[in-house]
Amino acid sequence: MGMEHPVSLNLRVRGLEHSATLAINQRSSELQALGREIHRLGLGQSPFPVPPSVIASLREHAEVKDYLDVRGLGSLRDSVARFHQRRDGVSISAEQVLVGPGSKELLFLLQLAFYGDILVPTPCWVSYTPQARILGRKVRTIPTRFEDRWQLTPEHFARICDSDRDRHRPRLLVLNYPANPHGLSYTEDELQGLADVARHYGVILLSDEIYGELRFDGDHRSVARYYPEGTIISSGLSKWCGAGGWRLGTFSFPAELRTLRESMTSVASETFTSVSAPIQYAAITAFDFGPEIEGYVSSARDILARLADFCFRRLSNAGIRIHPCEGGFYLFLDFGPIQDALRDRNINDSDTLCERLLEETGVATLPGRRFERPDDELSLRMAFVDFDGEAAMQALAQLGEGGLPADLASPVNEGFVRTHCASVCTAMDKIESWVHEMTSATTGPSRRDVAA
Ligand SMILES: Cc1ncc(COP(=O)(O)O)c(C=O)c1O
């Protein structure tokens, strides 16, 4: 191999790590290639296939090859607008929608176009703050507490706004619910409260609702209902439609934020030009949300809800602090209650926690640090997606009319997830035994003792 050419890097990207989720995926593959049994709970990717009608639509449009409107195909934007009208009760027209190659890219453009501070409650999705840093934006993380269900309370939000000397400085608050990394959602009262504070201080909300359809009770509410004039709603095909690799995301803007939308559109026209044409046609079928898609999303929720509950019960029994997940496919584990035992075994930060868990049990997860939690907080995110979603959906369909019991704790549900989500269930068994081993007084000398 030749010598590397010396390249001078932009200071803002110097030292930037690869996106955390992609790195854990690669490490899991390496260990698997060495013959280790790995439970892949690191990468947050939908386990379900893309619905057949959406695939059919993609096939049908494979020959469409022209560049499309930078904002997105008119009929797709129409379909997205109707989707939000139905779901969120907001009056959005096709004009107000922008389609991009994933909501991640749109979020990047938003942070580029918006001039002001970015506020992000933590734990938060891994890419919000690196994006802000790449762009040189001032980002203020707002640590939330387990006791507040990891949610930003309206009182806390108001205190943050008040504490600024310039109370009306341009600010953008990123909300995400159901959330990555903890699966919790805001209540209606909380959304109303946050909306009131945002309106009072003129804060723009970026409401990342990419997991909205996967809220288990099917009752996802957008904060745009309470603050329509200041909320941008983010959605896309990646999570509820199982099509992360297709790369299609959407932002829906209020009419009041036209200038921001147009600036982002100009940047889009100078960068990605337009999203892949066949994907846009297929996305119309998805956002039209006909009975097939509705059935698909509903069975995805059914399966995820049972599995989430199973994991929650097992992990809390093991002594880990955790909230039940309300939607999506993540749980955020706080090992605080057993931290003394872990620290005795030289596990003093979340990176080491995840490394040791991976090495000693084969369960791949992501450290809390990646979600902007303090380095020494012993927390991690688990994505309970290591199962064949297609087979699980087929098995659910074979159960017929009644489907799975509504009582999540029913043994029938447990039997279902044990059979169809076996790797995730085994991972729970392994975490449970690992915790037991860590906390058991009868284990051998700790590594610290050995080292000493
Ligand atoms: C909370 C959240 N927002 C946004 C995204 C980005 O999704 P995409 O770019 O695939 O639309 C993800 C993906 O993991 C996510 O978890």
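Predicted model: local features only at pLDDT ≥ 70, side-chain atom pairs only at ≥ 80, totals over all residues.
The chain is divided into two parts, domain 1 (20-48 + 292-451) and domain 2 (56-287). Taken over C-alpha atoms, the centres of domain 1 and domain 2 are separated by 27 Å. Contact between the two involves 29 residues of domain 1 and 27 residues of domain 2. On the side of domain 1 that touches domain 2, at least two residues each are supplied by α1 (20-33), α10 (291-317) and β9 (330-334). Helix α10 gives the largest share of that side, with seven residues.

An open sheet of seven strands is arranged in the order β2-β8-β7-β6-β5-β3-β4, and its pairing is mixed. Strands β2 (97-100) and β4 (139-143) each have a single partner strand and stand at the edges, so one side of each is left without a neighbour in the sheet. From one strand to the next, the twist averages 20 degrees. In general, strands of a sheet pair through backbone hydrogen bonds, in either a parallel or an antiparallel manner.

At the β2 end of the order, β2 and β8 run antiparallel and are joined by four bridges. Within this pair, Val99 has Thr250 of β8 as its bridge partner. The residues of β2 point in two directions: Val97 and Val99 one way, Leu98 and Gly100 the other way. All of these residues are buried. Strand β8 (residues 249-252) is also joined to strand β7 (residues 231-236) by four bridges, and these two strands run antiparallel. Here the bridge partner of Ile233 in β8 is Ser252.

Helix α3 (residues 74-88) lies across β2, β7 and β8, and runs at about 115 degrees to β2. Helix α8 (residues 258-270) contains 13 residues. The distance from the first C-alpha of α8 to its last is 19 Å, close to the 18 Å expected at 1.5 Å a residue. Leu260, Arg261, Met264 and Ala268 are the buried residues of α8. Seen down the helix axis, the buried residues of α8 fall within an arc of 95 degrees, so they line one face of the helix. These buried residues pack against β2 and α4 (103-113). Arg258, Thr259 and Glu270, on the other side of α8, are exposed.

A further open sheet is formed by three strands in the order β9-β12-β11, with antiparallel pairing. Its edge strands are β9 and β11 (366-367), each of which pairs on one side only. Strand β9 and strand β12 (residues 379-383) run antiparallel and are joined by five bridges. Leu331 has Met382 of β12 as its bridge partner. Strand β9 is also one of the elements that supply at least two residues of the side of domain 1 that touches domain 2.

Helix α1, another of those elements, includes Leu31. Leu31 has 17 C-beta neighbours inside 10 Å and therefore counts as partly exposed. When neighbours within four places in sequence are left aside, Leu31 is in contact with Arg36 and Ile38. Val223 is 192 residues from Leu31 along the chain, and the C-alpha atoms of the two are separated by 42 Å.

Conventions: Residues numbered from 1 in each chain as written. Pairing = 2+ DSSP bridges. Axes fitted to C-alpha atoms, helices over the stretch in contact; angles between N-to-C directions. Contact = placed C-beta atoms within 7 Å. Expected span 1.5 Å × (residues − 1). Buried ≥ 20, exposed ≤ 12 C-beta atoms within 10 Å, placed from the backbone. Arc of directions from axis to C-beta. Domains from an automatic or database assignment.
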